[in-house]
Amino acid sequence: MISLSKEETASRFGVEKAIEHFPSHLTDQEEKYVKTVLQYMDTAYSPERNTGGKSVQHLCAPGNVFEARSTFPTAHTAEEYAESHSHVMSALKDLHIISFQVVNVKENLVSLRYEATGSHIGEEHNGIKPTGRRGHWSGSGNFIMDEKNGLIAHWWKDWDKMQMWKQLGWMRPKNDETEFA
C-alpha cells in the first residue's frame, strides 16, 4: 500500500483529495474503476456540483442499485442517493470530504472509507433551524462496477449518522442528553 497526496490524486484521478492507503499496483481497468468511484464521491459530496441525480448520472450504470437502509431508506439508486444527499447539503453548506482513509480495488469491486465534515449553516434540516454546529464523521462504501461499461452497478454505504446528527444538534427531543455506546 502507498499513500497519495491530494495533488497526486488530482493528477491521476481528477479528484483533489488525499488517499492515506492505496494499492501500489492496479490493472488499467481497476484504475478506471477507481477514477469513476472517486469522481462520483467528489460530485455527490460537493454542495456546488451536486445538483441532484443528473449530476452523477454519467457515472452510474443503467439499473444500478444503492443500499443504505438505515440512513437513506428512500434512495434505491446511486442517482437517488445524490438527489437525497443534495438536500442534506442544502443544510450543510460547507460539507466536504476531507480525505479518503483507504481506497482498495480488486477486479470490479472498489471499497473506500472517507472522512467528512460540515456545519449546519444553511437551510433547515427536518424542521431544525441552522444550529451553526459542526460535525465530523467517517463513512464507507463498497462499489461493484459494471464490467461492460465501467460504471457503478451497486453501492452499499455505511456511515455513523447518529454521531453526526448529535454533533450537529439534530437529535430529538434532547440532543445534548443523547448518549451512544
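The model is predicted, and local features need pLDDT of at least 70, side-chain atom pairs count only at pLDDT 80 or more, while totals for chains, interfaces and linings use all residues. Residues are numbered from 1 along each chain as its sequence is written, and side-chain values use heavy atoms, with hydrogens and water left out.

The protein chain has four helices and seven strands, where helices (H or I, at least four residues) and strands (E, at least two) are DSSP runs numbered from the N terminus. Read from the N terminus on, these elements follow the order β-α-β-α-β-α-β-β-β-β-α.

For 181 residues, a compact globule would have a radius of gyration near 16 Å, and the protein chain, with 16 Å, agrees with this; the radius is taken over C-alpha atoms, and the globule rule is 2.2 Å times the number of residues to the power 0.38. Two further values for the protein chain are set out below.

| Property of the protein chain | Value |
|---|---|
| Span of the C-alpha trace along its principal axes | about 50 × 35 × 30 Å |
| Share of the 181 residues that count as buried | 51% |

Here buried means under 20% relative accessible area, exposed over 50%, and partly exposed in between (1.4 Å probe, protein chains only).
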